[in-house]
Every structure is written in structure tokens, then in C-alpha cells.
Amino acid sequence: MNGTNNSFHLATYGRYMMTGGPFCIAVGRFYHESNRLNPQPAAQEQFEIERGGAVLNASGSTLAGIVSELQGEAIVQPTVSVAAPPSGLIDHEFYEQVAQEFLDEIEKLKPDAVVLDLHGAAATSRLADLEGDLLSRLRALVGPAVPIGIGLDLHAHLTDAMLRSTDICIACKENPHSDVVECGAKVAKLVLEVLRGSLSPVTTSIRVPMILPGAGETASGPLGEIHAKARAIQKVLPEIIDLSIYNVFRYADDRHIGQVITVMTNGPRPVAAKIASDLAADFWQYRERFKDDLLSIDAAFLRIRDHAQARPYVMADMGDRILAGAPGDSVILLSAALDQFTDLKGALTITDPDNARTAVAAGMGATVTLEVGGQITPGFVPRQVTGKVIHVSDGTFTLAGPFHGGEASSLGDTAVLLIEERIFLVLTSKPAFSHDPAVFTSQGIDIGAMDFVVVKSGYHFTMNFAGIATPLLVETPGVGYYKKGIFSYEKSRFWPEHEVDSSKITAVVYAGVRAMTDNKCQAVA
């Protein structure tokens, strides 16, 4: 054991032996979903970065659950929180800067444990597995004696490096992610149990080399059946501490791609491998059933026009989903509304920093003609519009929730154009968390007065717009929706993109890396 690791041994046990507690637990967040097909890098200015006490003010997130569970039970040591809407690959130099800041803070704090909110599908221009890299470096720094717990998104790209480096590794269980706060609370609770000696976590993991082409909601369809089975197992088998199912980020390109089941037990339990294998077999058996029922663009607008009683509608632009890492610059629904459905009133967002700033500079009341959108996603083209600038802002706002409700977010410099007295076009400088109604209301748009609004989200919007608008999932082009054969994969082998051999699906056991030995007591003496 190196000197740095031994210093953590001394700090941890020395503090506990002399005072009887409480434990000091460092917390932080690195939350990003990185779509390699988005050509625009995720630079520093896209991220909300918080340090010190501000980290503890998280709400509506896994980090919020972590902090809430630990307060009163431990001394909570904030490090850094870094979060942004999904987008392209993270600028590697920015990642290195943040990672080093985080690791330096951990070395200074010498915590008894570390608990983190990570998405699980972050990547940089040089790393396919950001979380695996960060956690490996963290483990090398703190050594085996300091428990590391992470709460992940259900769509995490779970890797061996992540499992090898952590003691507690669990995911939220629902899509839309209504249980992220509960996930954070559970991670923190389990880490406390490890520190107190009542839990010796062992995780059994199995990977199925397939993605879900559709039907990704956990409350219905084949995925609903699998998740319901997992919850039923936990109810009857108390030795199962956690059972997480990872439904994979479809836009990574790495050998680890696949559905993953993890079964955590207190010490080794033979039943864990059987449970994991049974659930894996269900995924493979049900694979042809994972299909979305999407509306065509025309069918969606016709429904809005012909069924006025259900207005306003909220349309999910599935191909240009920012919440899957797409740029958010599609104009296809805007063009349909302008050219074909001229009797409808609606609001849309488009990521277009140059034109957003041009409109802001033109000022309130100005009439501008712009070639908007279509300037980031390969194959997209701009659309010329003429509109009146009716609102400008710096784009800062607070998400309404429930998903990430209360979190600060930013659209960057933002302008709203009113086109033909019926279309409210929100031009943003940053990709928008448009699953949330506050994207529109923060810019002075009354959703209730619209026939429709367009969001760049596929599932979470249904939760945040519940009681506000009727959801419609629309089939549109872009890099935010998977279809067999349209994206290139060099490192990955998975169904349905490739033929795979299901006979090679096997379980792997990861024992908790924390090693409690007499070495600590001897060091204190």
C-alpha cells in the first residue's frame, strides 16, 4: 500500500477511533450523457459548475438524495458538481481540469467514504468511458479502505472499470426517471452500512449484447415486465440488497455495450448469478418486442388539428432529442407547422447560437429575417424565417420538475421570435433541457395558450408536462434516435445491429474492493 493510501487509512480510522464518529463523507456529481454522433463538442460553457456549499443545495437529482440521506448521519464534505444537458463528446481538457480539481479536493479532505452522482454515459474526445477513468483514478488515490458509492442513470453505459472501482454501484429503476432522488438516498444509506460494518457488498453482473430499439418505458411493455419481475424478486428475497437494470446508452461505441443486470448481496450468494441470468434471458427472449409506436409528422399535426379538446399537445422530436445528446437544431417540425398546418399555434426551441445572439442584438420589437437551425447536425439544412423579437434573456432559469426540479439551468443568450403571429420560436445558444415546461415559461410563453409545444425529449417530458399538455411521440430524423443501420459502430457488437452469440452471456462477480484489515488499528497505535 502506498503512502497516500496509508494516509487515508490513518485519517479514516484515526478520526473514528478517537471520536467514535461521525464519518466524513465526500459528495459530488459529474452528470453528462455524451453522444459521439453530435459533432459539436461539449465545452465548459455548457456546464453548470458548483463548488463548496452550493453542491449541497441540489434538488430533484441523485445528488439531492445523497445529501439528504447523509445530513444528520455524517459530516458531508462537498467537492464539485458538474452537470449539463446531454450533447456531444466532452472537451477532454475540460474533463481533465475538473477531474484533477475533484481528486485534489478528495486528497485534501481525506474522507471516510466518497458518494457520487454520475450519469454513467459520459465520454470525452479521447475517452469512451469517462466514469470508468474517473473512478479508477479515485480508487488509486484513496486505496481499498475508503468505500466508494455511485448512483447512476438507468441508461448508464456500465463498464468493468466502474464496477471494479466501486463498492456500491446502483441505478435508478424507472424511465421516466421519477426515482433519482430515491436512488441517491439508497446509495448513501448503503455506503453508511459499509462504513458501520453491517454490509459487505458483492455485486454479480451480467451483460446482454443488445440494445433496446424502442419500448424504453419501465411501466409498460416488455421492459415493464422485466422490471416488475426484478421488483418482485427483491420483495421475496431479503438477501438481495439491490437489483439494478441498465438499459444502455445507444450512442456510445465501446465493447461494453449491452443491457446489464447487477445483483448486490451482503456477502457472496449463489442465488445472485441465477437471478441475473434469468433476467438476462428475458431480455434476449423479448428482444423483438422492443419497438416504439411513433406518429409520423403529418399524423401528429393532424391529431392536434382534429382533436382540439386535448390541446395543448407536447410533441417529442424523437430524432433531435437533446436528452439523447442530439444538438437540438432540427427545423423539420417548424417547417411542417409553417408550410402545412397554418391554422395551429405553437412554440418550439432550436439550438442556434449565432442567430440567437443576432436576434438578441437586434433587440425587442425588431423584425429579423434569419436562416435558423440546421447548422450542427450532419444532413440538416436551415430554414428561413421572418419574425418579431418579443423576448430576450440570458437564458438562466430553474427547472420546474419533477425530473431535476429546482435545478439551475441555462439556455445561453436566448431570443423568442413571433412568426406569423402564431409560432413562438425560441432560439437558444445552448442545448435546452426542453423536457421541462420552464424552458418555455421562463421565456414568457404561456403553454396553455398554445395548440402545441415541441420538446427535444423522448420520455422524461411526459413526467414534467403531466397535467399541462397531452404527449405525442413523433418520428423525426436526427442523431437522437436509433434505427438499425443508420449509425456506424466500430468497436461494438450488439443486436440488432450485429449478429451475436447469446450462448456466451455469463455472470461476473465483483467483490467489494474495500479491505478492512488490522493494518489500520496497528497504524493508529
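In which loop does P176 lie? P176 is found in the loop between strand 6 and helix 6 (180–196). The points below begin with the basis of the model and then take its parts in turn.

1. Basis of the model. The model is a predicted one, in which local features need pLDDT of at least 70 and side-chain atom pairs count only at pLDDT 80 or more, while totals for chains, interfaces and linings use all residues. Residues are numbered from 1 along each chain as its sequence is written, and side-chain values use heavy atoms, with hydrogens and water left out. Helices (H or I, at least four residues) and strands (E, at least two) are DSSP runs, numbered from the N terminus.

2. Cis peptide bonds. The peptide bond from N175 to P176 is cis, and its omega is near 5°. Another cis peptide bond joins G401 and P402, with omega about 15°. P402 belongs to the loop between strand 14 (396–398) and strand 15 (408–410).

3. The largest nonpolar core. A nonpolar core is a set of buried Ala, Val, Leu, Ile, Met, Phe, Trp, Tyr and Cys residues joined through side-chain atoms within 4.5 Å. Buried means under 20% relative accessible area, exposed means over 50%, and partly exposed lies in between (1.4 Å probe, protein chains only). The largest such core has 38 residues, and I90, F102, L138 and L152 have the most contacts inside it. Among the elements that give two or more residues to this core are strand 1 (24–31), strand 3 (75–83), helix 3 (92–109), helix 4 (130–142) and strand 5 (148–152). Helix 3 supplies the largest share, seven residues. In general, nonpolar side chains in soluble globular proteins tend to be buried together.

4. Contact here means heavy atoms within 4.5 Å. When neighbours within four places in sequence are left aside, L138 is in contact with F102, L103, I106, V114, L116 and I148. Apart from the core described above lies another, of 34 residues, which includes L295, L333, L344 and A359.

5. Is Q77, with a relative accessible area of 11%, buried or exposed? Q77 is buried, because its relative accessible area is 11% and the limit for buried is under 20%. Q77 is part of strand 3. Leaving aside neighbours within four places in sequence, Q77 is in contact with C24, I25, A26, V27, L109 and P111.

6. Strands 5 and 6. Strand 5 and strand 6 run parallel and are joined by four bridges. G151 stands opposite I170 in strand 6. Strand 6 is covered on both faces: I168 and I170 on one side, and C169 and A171 on the other, are all buried.

7. Helices 2 and 6. Helix 2 (residues 62–70) packs with helix 6 at an angle of about 45°, and their axes are 6 Å apart. Axes are lines fitted to C-alpha atoms, for helices over the stretch in contact, and angles run from 0 to 180 degrees between N-to-C directions. Angles under 35 degrees count as roughly parallel, over 145 as roughly antiparallel, 65 to 115 as roughly perpendicular and the rest as oblique; helix 2 and helix 6 are therefore oblique to each other. In the packing of the two helices, T62, G65, I66, E69 and L70 in helix 2 meet residues of helix 6 including V180, C183, G184 and L192.

8. Two strands pair if DSSP finds at least two bridges between them. An open sheet of eight strands has mixed pairing and the order 12-13-16-17-11-18-10-19. Its edge strands, strand 12 (367–372) and strand 19 (470–474), each pair on one side only. Strand 11 (residues 346–351) and strand 18 (residues 452–455) run parallel, joined by two bridges, and A347 stands opposite V453 in strand 18.

9. Strand 12. Six bridges join strand 12 to strand 13 (residues 383–393), and the two run antiparallel. The bridge partner of V372 in strand 13 is R383.

10. Positive phi values. E420 has a positive phi, near 55°, in a residue other than glycine, and E421 has one near 60°. E420 lies in the loop between strand 16 (414–419) and strand 17 (423–428). E420 is partly exposed at 48% relative accessible area, whereas E421 counts as exposed at 63% relative accessibility.
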